[in-house]
Amino acid sequence: MATELITHCESVGPTVPDRFRSIQLHPTRRCNLACLHCYSYSAPHHRDMLDVEATKKFLAYAFEEGFNNIAISGGEPFLYSDLEELLRFAKEIGYQTTMASNGMLLKTERAKRILAFVDLIAISIDGPPPLHDHIRAQKGAFEKMMEGVKVLQQHQKPFGFIHTVTPQSWESLLWLGEFAEQNGAKLLQLHPLEMHGRASETLTSLAMDDTLAHQMYILAHYLRSKYADSMIVQIDLLHREYIRTFPQVVSAFSRQCAANNHLSDLFDTIIVDETGKITPVAYGFGDQFSIGNIHRFDYQLFERFIQEKVPSLKKVFEKTLDKIINNFETDIVNWNELIVQESIAA
Ligand code: SF4
């Protein structure tokens, strides 16, 4: 049934990649770095970690409910003590596995074993070495990250780079495209800086404005066509007109497909943080729309959430869409940032 729905949805226009219904897992906020832009305030002092048995139980349930990809983020995933067990389990039951990492802890034998269970790893990069080290708040961070990239190259592991664009870095986007291609990356993901977490305290002077959003949007599309044969260039910004014409790209409630019986029909991404809290859409989504907690759930969890909270959540989607479509002052938008704001205000 889920497959039929997806096929029908695709027939009405472009969509986000429908085959990925992701669980974004943040198993720990512990990190070997404390980057200036970190939206989750991750840092070395954090100790909270997801219970692996509870996580496995939840992953098995969510897979039956249609989710098919886990995207592990953090904190630094390699500092999660049960990462190997978790990924082995996820692969065994059929998940695609992706991961975002700072790339600095890949040289150990444990890391190499873990990589065998990862389909694609995205390494975060903040620009040329001086800028990267500045944002990472650690001298030599770029060099250590490159040692990790060499491990990936040696093991022929598919990898990409993920870059948070700031007013300091956008002029390096052409350099970044060339750097990614020359190093054999399969993906270059460009994400605009958002004023969440540590960025809202340390980088307020670097807030994204309309001009920068346009510059980023145009350069990303140039890179996309330039490297079309070698890597995917993905940008987390959309044009207002595109959203107006194809609202189904961002909202399942705008899709022509009839029933939304499963949570995975409605949301392409759900998030599990290091406390086990499950939220829809994006990290930081309004607490009142919490789905539950993986440490105490039953097999009616998703069904109950659809019945109890989706009607008001639908209004949040509609309001966000309405604001974007009718705001002729802003052409280029970060959908996730706007809907998170709307969910908190709801
Ligand atoms: S941005 Fe990534 S690498 Fe930097 S502190 Fe946060 S989790 Fe760690």
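S22 stands opposite N69 in strand β2. Helices (H or I, at least four residues) and strands (E, at least two) are DSSP runs, numbered from the N terminus. This is a predicted model, in which local features need pLDDT of at least 70 and side-chain atom pairs count only at pLDDT 80 or more, while totals for chains, interfaces and linings use all residues. Residues are numbered from 1 along each chain as its sequence is written, and side-chain values use heavy atoms, with hydrogens and water left out.

- β1 (residues 22-25) pairs with β2 in the parallel sense over four bridges; two strands pair if DSSP finds at least two bridges between them.
- From β1 the chain crosses through helix α2 (residues 52-64) to β2 in a right-handed β-α-β crossover, where right-handed means that, with the strands pointing away from the viewer, the path from the first strand over the helix to the second runs clockwise.
- β2 also pairs with β3 (residues 96-101), in the parallel sense over four bridges, and A71 has T98 of β3 as its bridge partner.
- A right-handed β-α-β unit is formed by β2, helix α3 (residues 83-93) and β3.
- In β2 (residues 69-72), N69 and A71 point one way, I70 and I72 the other, and all are buried (under 20% relative accessible area, 1.4 Å probe, protein chains only).

Key. Buried means under 20% relative accessible area, exposed over 50%, partly exposed in between (1.4 Å probe, protein chains only).
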